[in-house]
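Hi,

Here is the model I promised to send over.

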Amino acid sequence: MHAIVISEPGGPEVLTWQEVPDPVPGPDEVLIDVAASAVNRADVLQRQGFYNPPPGATKVPGLECSGVIAQVGENVEGFKVGDEVCALLAGGGYAEKVAVPWQQVMPVPKGVPLVETAALPEVTCTVWSMVFMAARLRRGETLLVHGGASGIGTMAIQLAKAFGARTVVTVGSYEKAERCLALGADEAINYREEDFAEKVKADVILDIVGAKYLSKNVETLNTGGRLIIIGMQGGTKGELHIGMLLSKRASIHAAGLRARPVDEKGVIVRSVVENVWPLVETGAVRPVIYQRVPIDEAAWAHRMLDSGGHVGKILLAR
């Protein structure tokens with residue numbers, strides 16, 4: 001088969017489409033003929049040499065895919081050859097085929113084209129597990145999302161709206177603000193012109209920035225607030241005002257998905273199918289796709305992501 005290979009840490013030019021050995025599924029895995037994958041910020045970090053795959057995982061990038069099951073292991077439950085599915089991956093999505101534990105596989109939601117479904121696994125599993133399972137966002141609460149126009153941000157807006165929460169986002173342009181408001185955000189703050197800590201109080205904050213926003217995030221939390229950190233685009237070390245955190249009885253939760261055990265991912269995936277897929281099937285929540293790029297031109301897609309002008313997800317389609 002062919003897959004994207006990272007020749008060495010570096011810019012998008014290090015991504016090349018090469019022939020590699022076919023993956024061999026284990027007894028608890030399915031083999032998927034990939035229809036599409038999607039670009040995530042974690043793929044960029046891996047390309048740059050800052051985010052290595054977990055032990056035992058393929059070095060081929062790609063944390064999600066959609067496609068058709070070509071083979072099933074002897075212990076696989078609930079899936080068969082020919083099923084159209086999407087999957088949360090530890091790697092391997094930028095390829096013609098990928099092997100994945102069956103617990104991380106989901107049926108394609110009714111009414112969503114197979115290729116477009118590749119835009120769903122990473123964002124739905126991240127937002128659902130962090131904002132709803134970990135932070136327990138409730139109806140009537142305020143969610144602040146940093147990077148509202150990102151794939152994560154556009155999904156967080158829609159899910160928060162569907163469950164009756166108020167959503168405020170930070171964005172870097174007027175155009176991105178308009179797109180977020182159209183998706184259902186209640187307020188959009190241009191971080192280049194305004195200080196979000198002076199404009200909003202939030203019960204839950206979903207943060208991709210990290211250290212740069214740490215002190216302001218704590219300042220922004222309401223009593224009993226929950227700060228969820230899922231990225232480090234603004235650095236890894238920040239100063240924490242513990243007194244303010246204590247006085248607000250607030251909490252900080254930092255986590256990712258990629259390195260979690262299969263069973264933990266399985267719990268998240270099943271919860272997404274139960275709670276999010278019905279919203280996708282009714283159209284209340286939808287994948288937001290910025291552009292489709294041929295999978296063998298992943299370098300172009302990475303340049304697009306690096307430029308920062310996108311809204312939603314960039315797909316890599318075969």
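Predicted model: local features only at pLDDT ≥ 70, side-chain atom pairs only at ≥ 80, totals over all residues.

Residues are numbered from 1 along each chain as its sequence is written, and side-chain values use heavy atoms, with hydrogens and water left out.

**Helices**

Helices and strands here are DSSP runs numbered from the N terminus (helices are H or I with at least four residues, strands are E with at least two). Start with α3, residues 151–162: its 12 residues reach 17 Å from first C-alpha to last, close to the 16 Å expected at 1.5 Å a residue. That expected span is 1.5 Å times one less than the number of residues. α3 is mostly covered, with 10 of its 12 residues buried. Buried means under 20% relative accessible area, exposed over 50%, and partly exposed in between, using a 1.4 Å probe and protein chains only. Among the buried ones are Ile-152, Met-155, Ile-157 and Leu-159. Just after α3 comes Gly-164, with a positive phi of about 80 degrees.

Then there is α8 (262–275), where 14 residues span 20 Å, close to the 20 Å expected. Its buried residues are Lys-265, Gly-266, Ile-268, Val-269, Ser-271 and Val-272. An α-helix has 3.6 residues a turn, so residues three or four places apart point the same way. The buried residues of α8 pack against β5 (84–88), β7 (105–107), α2 (121–134) and α9 (277–282).

In α10 (298–307), the buried set includes His-302, Met-304 and Leu-305. These buried residues of α10 pack against several elements, including β1 (2–6), α1 (41–48) and β15 (313–317). Gly-308 follows α10, and its phi is positive, near 80 degrees.

Val-98 is found in strand β6 and is buried, at 3% relative accessible area. Leaving out residues up to four places away in sequence, Val-98 touches Pro-23, Val-30, Leu-31, Ile-32, Val-34, Cys-65, Leu-89, Gly-91 and Gly-92, where contact means heavy atoms within 4.5 Å.

Thr-142 belongs to strand β8 (142–146) and is buried too, with a relative accessible area of 10%. Beyond its neighbours within four places in sequence, the contacts of Thr-142 include Arg-166, Lys-201 and Asp-203.

**Cysteines**

How many disulfides does the structure hold? It holds 0, counting a disulfide as a pair of cysteine sulfur atoms within 2.5 Å. For Cys-65, the nearest cysteine sulfur is that of Cys-86, 7.9 Å away. Cys-65 is buried, with a relative accessible area of 0%, and Cys-180 is buried at 0% as well.

**The second largest pocket**

This pocket has a volume of about 510 Å³. Of its 29 lining residues, the closest to the centre are Gly-56, Ala-57, Thr-58, Gly-91 and Ala-99. (On a 1 Å grid over the protein atoms alone, a pocket is an open set of points with protein on both sides within 12 Å along at least five of seven lines; lining residues have an atom within 4 Å of a point.) β6 and α8 each supply at least two lining residues, and β6 gives the most, with 5.

Cheers

Note on methods: 1 Å grid on protein atoms, 1.4 Å probe; cavity = no way out; pocket = protein on both sides within 12 Å on 5 of 7 lines; lining within 4 Å. Points joined across faces, edges and corners; volume = space filled by probe spheres on them.
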